[in-house]
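Let's take a walk through this model together.

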Amino acid sequence: LHMGKTMKEDLTVVAKYIKQLYPPEFNVFSIYAELYHNYFASQAKKNAESHLEDKDIYLLLSWVHNFYPKEMRKDHALAMELDKVQLGSLLPSSLSKELEKKYLDSEEVIVKTSLSRCLDKEIQRWKEDKEPEKLNGHFQSELLGIFVIQSIYSGQKRAEDISKAMGEELSHRLLKELPAFLRSYRDAFEDFKEKSKKHRYYKPILIANINNCWNFREYTEKYMAEKDDSKADILSTLADIENSGFDVLLQQLFAQLKPMYKKFTENKWDSSGEIMNEIIKTTSKHISDFQTLKDPFYHAIVEKIHARLVKEYIMRLLKRKVSLKTPAQQQTLAQHISKNAADLEAFCTSNGSQATWLNSALPKLAEIIRLQDLGAIKIEVATLATSYPDIRKRHLEAFLHIKANLSRSELKSILGYLADSTASTQPRAPLFSSINVS
């Protein structure tokens with residue numbers, strides 16, 4: 001700092017007052033600048049070749065890449081004169097690169113160690129079975145969700161403050177560390193999930209860990225190139241953690257709903273309104289527990305519930321438990337299904353489901369039951385297959401068991417029409433493909 005200040009002040013005096021006392025051909029400013037630079041460079045080289053601590057390396061590289069070329073040599077009083085002088089760098093390129101490598105290696109180790117310690121501390125906190133902190137009503141782990149990102153970001157920023165190239169290099173290295181860290185995190189989370197079910201704050205801790213994934217997602221989307229292999233790896237690992245947490249959170253609800261859905265076929269859809277009300281009431285109690293999820297995850301879990309409610313309903317329709325011979329009976333069942341579908345849609349939408357693609361499934365099935373004209377049934381089957389391309393003959397055949405007044409030839413005709421309709425398109429989200437037909 002003393003040398004830098006002295007060189008800057010002295011050269012400013014030379015530029016302002018001394019240079020004009022000599023003839024131009026003496027190049028007085030250049031001579032002074034070269035002498036000062038050579039001395040400064042020799043001192044920098046001497047320091048670089050001695051044993052330096054990490055902080056010293058950082059400071060020396062900051063002078064080489066930042067302070068010396070940008071703060072001193074670009075000073076408004078000196079820039080014009082110094083641009084005429086070829087001074088070069090404070091350090092030889094080979095020595096500078098050696099220091100850069102030392103710094104980057106050291107910084108990488110520091111961040112890796114920091115992440116590892118952070119995960120160990122987080123695991124310890126899970127074992128203590130304390131309620132996680134809340135931020136804006138959402139459970140979170142400040143240590144893991146925020147500290148890890150800050151550690152990586154701070155490392156990148158420090159390197160970037162030396163030079164853009166070093167910032168990019170360290171960023172590349174640290175972003176390669178993130179997938180390995182997240183895999184360790186996922187494994188630890190799975191271990192906790194399996195072994196700690198009796199913990200008092202088991203579910204809040206699961207929710208906090210799902211919420212943690214959001215910071216990692218945002219960071220990855222913002223700082224990683226689409227073509228980077230690590231990006232897909234990171235997002236896949238985060239999805240594993242999220243879905244694994246969702247599965248546990250939904251286990252109890254889905255177990256409670258199973259016997260309720262059975263009542264539809266046991267009662268041949270009589271009292272279906274009361275059964276649907278019971279399903280909605282039970283689901284509503286569980287959804288209130290999920291308000292502590294961050295918004296994207298809350299919407300995701302509500303959409304999973306929405307999809308499950310619709311699938312379970314369709315599964316009951318495909319059980320071949322009900323066979324209706326008259327149009328009047330079919331009309332009544334279609335009305336029940338339409339009413340149930342409307343109640344289900346209203347409930348899921350009011351609770352934040354954005355899975356609008358699910359809303360037409362049950363009304364379309366109800367319409368197929370209601371219709372009696374073969375041509376009209378085929379058109380409705382075609383529109384159903386367009387909306388849900390993963391529907392297959394086995395699904396439709398099981399469903400059409402309800403329409404006992406169809407002849408064998410009519411049934412074959414409808415099924416053949418479906419095969420033509422679902423030849424090539426792939427569903428953006430599966431509905432029927434996850435439904436097994438017995």
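Start with helix H3, whose buried residues are Ile57, Leu60, Leu61, Ser62, Trp63, Val64, Asn66, Tyr68 and Met72. Here, buried means under 20% relative accessible area, exposed means over 50%, and partly exposed is in between (1.4 Å probe, protein chains only). Helices (H or I, at least four residues) and strands (E, at least two) are DSSP runs, numbered from the N terminus. Before going on, some ground rules: this is a predicted model, where local features need pLDDT of at least 70 and side-chain atom pairs count only at pLDDT 80 or more, while totals for chains, interfaces and linings use all residues. Residues are numbered from 1 along each chain as its sequence is written, and side-chain values use heavy atoms, with hydrogens and water left out.

Back to H3, which spans residues 54–72 and bends by about 50° at Trp63; the bend is the angle between axes fitted to the seven residues ending there and the seven starting there. What do the buried residues of H3 pack against? Their partners are helix H1 (2–18), helix H2 (28–48), helix H4 (79–82), H5, helix H6 (142–162) and H7, with contact meaning heavy atoms within 4.5 Å. Trp63 also belongs to an aromatic cluster with Phe40, Phe67 and Tyr68.

That brings us to the rings. The structure holds 19 aromatic pairs. Rings of Phe, Tyr and Trp (its six-membered ring) pair if their centres lie within 6.5 Å; planes under 30 degrees apart count as stacked, over 60 as edge-to-face and the rest as tilted. Take Trp126 and Phe192: their ring centres are 5.4 Å apart and their planes meet at 50°, so this pair is tilted. Because Trp126 sits in helix H5 (residues 93–128) and Phe192 in helix H7 (residues 164–195), the pair ties together parts that are 66 residues apart in sequence. Trp126 is buried at 4% relative accessible area, and Phe192 is buried at 5%.

Now look at Trp214 and Phe297, an edge-to-face pair with 5.9 Å centre to centre and 90° between the planes. This one links distant parts of the chain, 83 residues apart: Trp214 is in helix H8 (residues 202–223) and Phe297 in helix H11 (residues 295–317). Is Trp214 buried or partly exposed? Trp214 is partly exposed, with a relative accessible area of 27%, whereas Phe297 counts as buried at 4%.

Zoom out, and the chain has 16 helices and two strands. Its radius of gyration (over C-alpha atoms) is 34 Å, well over the 22 Å from the globule rule for 438 residues, so the chain is more spread out than a compact globule; that rule is 2.2 Å times the number of residues to the power 0.38. Along the principal axes, the C-alpha atoms fill a box of roughly 115 × 50 × 30 Å. The chain is divided into domain 1 (1–91), domain 2 (99–242) and domain 3 (266–434), with bounds from an automatic or database domain assignment. The C-alpha centres of domain 1 and domain 3 are separated by 77 Å.
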